[in-house]
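This report covers the cores, the salt bridges and the contact between the chains. The structure comes first.

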Amino acid sequence: MTVAAPSTVQPPIGTRRLLAAAGPGLDDHERTFGPLSVTAPAIVDELALAGIDGRGGAGFPLAQKLAAATRRSRRVTTGRGAPLVVGNAAEGEPASRKDAVLLERAPHLVLDGLVVAAAATGATEAVVATSDRLAGYVLRALDERAVRGRDHGVVIDVRVLPHTSFVAGEASALASAVAGGRGVPEDRVVRLTERGPGGRRTVVSNVETLAQAALVARFGAVWARGIGSASAPGTRLVTVSDVTDPGRAVVLETAGGAALGGLLRASRLSTVDPARTRAVLVGGWGGTWVPRDALDATLDVDGLAPWGAAPGAGVLAVLDDRTCPIGVTARIAAALAEASAGRCGPCVNGLPRLAEVVGVLASGRPAGDLAAQVRRVVALVDGRGACHHPDGVARMVRSAMRVFRDDVQAHLGGRCLHAGGAR
Amino acid sequence: MTALHVDWTRCRGRGLCTELLAGRLERDEWGFPIARDGGRTRDVPVRAEELDAARDAVAMCPVQALRLVGR
């Protein structure tokens with residue numbers, strides 16, 4: 001099915017798609033990908049065929065989200081009640097750098113993606129929500145488009161977020177910030193795509209998801225599925241780092257379904273050595289720990305499901321075999337407790353309590369049945385709160401207790417299996 | 001299927017719902033409602049015989065943190 005005029009350039013070959021252009025400017029963008037022709041609402045079907053899942057963490061299919069925002073027959077296109085598309089570049093996940101890299105190197109793909117999503121939903125307004133630091137890349141790209149008259153009938157605004165804490169990128173928080181609100185997670189009885197702030201159907205989509213949509217709009221679903229795996233067609237961006245050093249990270253574009261070990265090797269990080277890897281925290285800090293046996297698993301839903309994990313936001317935070325895993329888990333739990341927006345009782349009380357109990361376990365101090373206490377507090381935070389932040393912490397800690405069972409046992413007996421580990 | 005939706009941004013753990021729906025909800029150590037069956041406490045399923053009590057809980061919550069939603 002052709003939904004747009006065929007592109008005048010050859011589609012990218014191999015795994016360099018999002019990062020295929022030589023530079024971030026409009027010239028490089030159009031030379032590499034060709035111009036974007038105005039797309040039709042049928043693009044949603046093409047996006048569904050291409051199998052684009054959300055890259056912000058939840059993996060929700062983009063086509064489904066766009067369809068949900070378009071259901072109404074009356075098409076209001078501007079002002080109150082008109083749909084709004086929001087590109088999420090908050091990247092509050094501490095171990096993720098991919099959205100920053102994407103905005104820096106391919107801002108025009110992101111902007112094209114907003115145009116595609118707007119065309120699909122009948123919106124004429126879109127917003128990129130991001131940090132102060134990254135806003136500059138977007139503004140520069142918008143200026144280039146203004147000079148060349150490339151607005152495609154969509155007005156794109158930039159919203160600098162009031163804060164870029166971990167939860168700032170949560171969908172309801174982001175929608176609230178864009179509408180001039182506090183930018184903290186909100187209670188949601190009705191989906192954003194049905195009714196968001198100001199009564200508008202609101203599509204919040206990660207910027208990488210939108211960039212992928214921009215490629216599908218040009219080159220089609222068949223091309224998109226030409227590489228990657230069944231449950232991860234096309235390419236995706238991955239951030240690899242040592243879990244104790246998220247500041248030193250490498251972002252890779254890979255075909256979907258690549259083996260975790262291969263991605264670690266491809267990162268060429270001096271701090272990451274597959275031979276000395278004990279475990280990987282997959283998806284994000286609120287993701288799932290997998291043991292070194294999982295290095296053969298593929299980074300897609302099918303490959304990670306047996307390990308209780310999912311690709312999430314494409315984060316691979318690597319734990320080496322010299323570092324005490326309980327200590328690392330305790331520090332991450334503490335950081336995630338700090339990141340709570342502080343709105344909901346179980347989260348604001350439970351996360352610090354959980355971090356405290358895991359911290360005591362990490363210290364090796366005798367304090368009763370700590371493993372049972374951890375399980376108990378995990379059950380208190382999981383699924384209780386307006387957003388899914390506490391659920392992520394619960395998931396991360398539960399997986400740690402499972403994957404690091406030997407270390408947990410040792411710590412319960414007052415020992416640590418690692419030199420220089422907790423005491 | 002009806003469910004009791006908790007607006008966690010409003011709940012202050014006053015506990016009336018845990019008294020009106022004692023079979024469904026108990027209080028955690030900070031006073032906040034938690035589903036007895038171990039399920040997530042965002043949308044707690046409500047059986048037909050509990051509907052009256054659930055409506056009372058919705059009406060009487062001091063901070064209006066509850067509502068009934070259809071599933």
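## Nonpolar cores

In this predicted model, the largest nonpolar core holds 59 residues, and A:W289, A:I332, A:L354, A:V374, A:M396 and A:V397 have the most contacts inside it. A nonpolar core is a set of buried Ala, Val, Leu, Ile, Met, Phe, Trp, Tyr and Cys residues joined through side-chain atoms within 4.5 Å; buried means under 20% relative accessible area, exposed over 50% and partly exposed in between (1.4 Å probe, protein chains only). Helix α12 (residues 345-363) of chain A gives the largest share of this core, nine residues. Helices (H or I, at least four residues) and strands (E, at least two) are DSSP runs, numbered from the N terminus.

Beyond its neighbours within four places in sequence, A:V397 is in contact (heavy atoms within 4.5 Å) with A:L354, A:V358, A:V374 and A:V378. Another core, of 56 residues, lies apart from the largest one and includes A:A63, A:A69, A:V101 and A:A214.

## Salt bridges

A salt bridge is a side-chain nitrogen of Lys or Arg within 4 Å of a carboxyl oxygen of Asp or Glu. The count over all chains is 30. A:D112 and A:R145 form one at 2.7 Å, N to O. This pair links helix α5 (residues 107-121) to helix α6 (residues 132-148) of chain A, across 33 residues. A:D112 counts as buried at 2% relative accessibility, and A:R145 is buried at 5%.

## Contact between the chains

The contact takes 17 residues from chain B and 24 residues from chain A. The two chains bury about 1600 Å² between them, 54% of it on carbon and sulfur atoms; buried area is the accessible area (1.4 Å probe) that two parts lose on being put together, summed over both. On the chain B side, B:W8, B:W30 and B:R42 lose the most area to chain A, together 38% of what that side buries.

The rule finds five salt bridges across this interface. The side chains of A:R384 and B:D28 form a salt bridge at 2.9 Å, N to O.

## Basis of the values

Residues are numbered from 1 along each chain as its sequence is written, and chains are lettered from A and ligands numbered from 1 in the order in which they are written. Local features need pLDDT of at least 70 and side-chain atom pairs count only at pLDDT 80 or more, while totals for chains, interfaces and linings use all residues; side-chain values use heavy atoms, with hydrogens and water left out.
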